[in-house]
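Here's a quick briefing to read alongside the model. Have the viewer open and follow along.

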Amino acid sequence: MTPTKIADLKAVPSTTDEFIKGLWRENPVFVQVLGMCPTLAVSNSAINALAMGLATAFVLVMSNILISSLRNFIPKQVRMASYILIIATFVTIVEYGIQAISVELHKNLGAFISLIVVNCIILSRAEAFASKNTIWKSAIDGLGMGLGFVLALSCLGAVREILGNASIFGITVLPESFQEWIIMILPAGGFFTLAFWLFLFNYFKLKKAKA
Amino acid sequence: MFSKTLHISTSPHIRQGMSTDMIMRNVVYAMMPLVIFAVVSFGLNALLVIITAVASSVLTEHALCRWSGKSSTVSDWSAVITGILLGLTLPPIFPLWMTFLGGVVSIAIGKFVFGGLGSNAFNPALVGRAFLQAAFPVAITTWHPSFLEGRFYSISKSVAAFPFSTPVVDGISGATPLSAFKFDKVTADTADLAFGFISGSSGETSAVLIILGGIYLAVRKMMNWRIPVAILTTVFVLSGILYLIDNQTYPSPQFMLFSGGLMLGAVFMATDMVGSPITSRGVVIYGAFIGLIVVVIRIWGGLPEGVMYAILLGNALTPHIDNLIRPRVYGTKKTKS
């Protein structure tokens, strides 16, 4: 058993709390600033961002469940290797799944699907949460964090696709005469958009903290 | 006037008592002939673009100062300079709404996020222009011939494009000497290049006026003359060597010197006091680096012009140059670093 902190004894977080924290208070992208590689690289269109987010969320939930159920059997010395093995299993499933659904999407996401194996959000949840908590809690935590990641990627992808391509999910939403901002679908646009969202998040957090 | 600003320079530390806004005002005076020439050669369009760039820079500076609870720093003229420089580096028929956006990006992202005047690592006007270049690659390379009939009472449809809409080009466009050379191997007459009877960005065409402005600032000691000299010498020598090797494929050194934004960049942008090294030796390395990158991009790169990226890269290198070339402290032995 891991020693529990005094703060934890005072208020044991409820199930909804575990779920909500991943969406908002501890959002993996906007608050923890983890998983920057897929965030910046595949958020150039809403559909790519959503697919990447869902794939990661699936792997996150499944690996959290499996790691949590095996937490008493995995020796401390080889835990990282074991986690990676478990995560890689689910990434393989996802990769074949996406290939079966849409070859084009698989091409767009490219190597980034395989790279989910070393996604630091999944590894950090495995190490910091799933290895210490029950199966049910780990599943809820994974779902919250996964959906938080989907939310963040979709926010980025939507802004970048609307400004850079005048469309969202491939459907043109802005009038013909709109001048696309090419920079938004280039890598530089990813950095600008991420900075903009981080700014918004921190602005509202500070405002709330002051009030 | 006593201010709490930290002055960073090498010894001797005796000062002349020039204040920021005085230097900035003089830079504006030095750029005035360029603005006037831009309006004379490109007419109303260029005037509108420059006014919009200045207005958006000043407005952004004022709004952000207010928002962050500081007193407004508009009165130090630095935002005006950023605006004028941005306006001068844009094509004369650049849409006004894009110009406005460029001004906002220049001040907000190029200057304010770093902490305002004195902390900006990169030249703000060039940050704005680099953003526009990446965002609207077509509009920023749509050039316009100079000295057109009726330029003082008609506005191009492209300039007046409705905000966020694609600009319509009126049909009259002219390639710059650099792009003409890059894609069609046509060189221009050196006298035309020097006096500005060519197409290009509003303020880059007249090399003579830029040099005069530079001499004014150098004589008044408001600009480090070593920077433009180092840049121009490097470009001249490198392109001279290439020209001697093969005068069919490579342009002549005088063409390299007087075309494009090299003069404007070397005199007014690379000399930005914040983004350039503080030692005389460091400044020469900085200038030579910029010159080298300009030649490399122009001759082997995909783009016809590379002064903007060269200066931004030079700005990025500045802290490292300052770190590498530290003057020996008087009375101590040279230490091996």
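B:A135 counts as buried because its relative accessibility is 0%; buried means under 20% relative accessible area, exposed over 50%, and partly exposed in between (1.4 Å probe, protein chains only). This is a predicted model, where local features need pLDDT of at least 70, side-chain atom pairs count only at pLDDT 80 or more, and totals for chains, interfaces and linings use all residues. Residues are numbered from 1 along each chain as its sequence is written, chains are lettered from A and ligands numbered from 1 in the order in which they are written, and side-chain values use heavy atoms, with hydrogens and water left out.

**Around B:A135**
- You'll find B:A135 in helix α5 of chain B; helices (H or I, at least four residues) and strands (E, at least two) are DSSP runs, numbered from the N terminus.
- Not counting residues up to four places away in sequence, B:A135 touches A:E180, A:W181, A:I182 and A:I183, where contact means heavy atoms within 4.5 Å.

**The interface of chains A and B**
- Chain A brings 11 residues to the contact and chain B brings 14.
- About 1,100 Å² is buried between the two chains, with carbon and sulfur atoms giving 75% of it; buried area is the accessible area (1.4 Å probe) that two parts lose on being put together, summed over both.
- Of the area that chain A buries against chain B, A:Q179, A:W181 and A:I183 supply 50%, more than any other three residues.
- There are 0 salt bridges between chain A and chain B; a salt bridge is a side-chain nitrogen of Lys or Arg within 4 Å of a carboxyl oxygen of Asp or Glu.
- The interface does have 5 residue pairs in polar contact, both at pLDDT 80 or more. A polar contact is a pair of N or O atoms within 3.5 Å; within protein, one must be able to donate a hydrogen and the other to accept it, and residues adjacent in sequence count only if both atoms are side-chain atoms.

**Salt bridges**
- Over all chains, the structure holds 8 salt bridges.
- One of them pairs the side chains of A:R125 and A:D141 at 3.0 Å, N to O.
- That pair links distant parts of the chain, with A:R125 in helix α7 and A:D141 in helix α8 of chain A, 16 residues apart.
- A:R125 is buried, at 7% relative accessible area, and A:D141 is buried too, at 0%.
- In chain B, the side chains of B:E61 and B:K111 meet at 3.1 Å, N to O, and both residues are buried.
- B:R298 and B:E305 meet in a salt bridge at 2.7 Å, N to O; B:R298 is buried at 5% relative accessibility, while B:E305 is partly exposed at 24%.

**A buried glutamate without a partner**
- A:E161, in helix α8 (residues 135–165) of chain A, is buried yet has no salt bridge, and the nearest side chain of opposite charge, A:R160, is 9.7 Å away. Lys and Arg count as positive and Asp and Glu as negative; His and the chain ends are not counted.
- The side chain of A:E161 does reach the backbone nitrogen of A:F169, at 3.3 Å.

**Positive phi**
- B:W77 has a positive phi of about 70 degrees although it is not a glycine, and B:W77 is partly exposed at 31% relative accessible area.
- B:F164, also not a glycine, has a positive phi near 70 degrees and is partly exposed at 42%.
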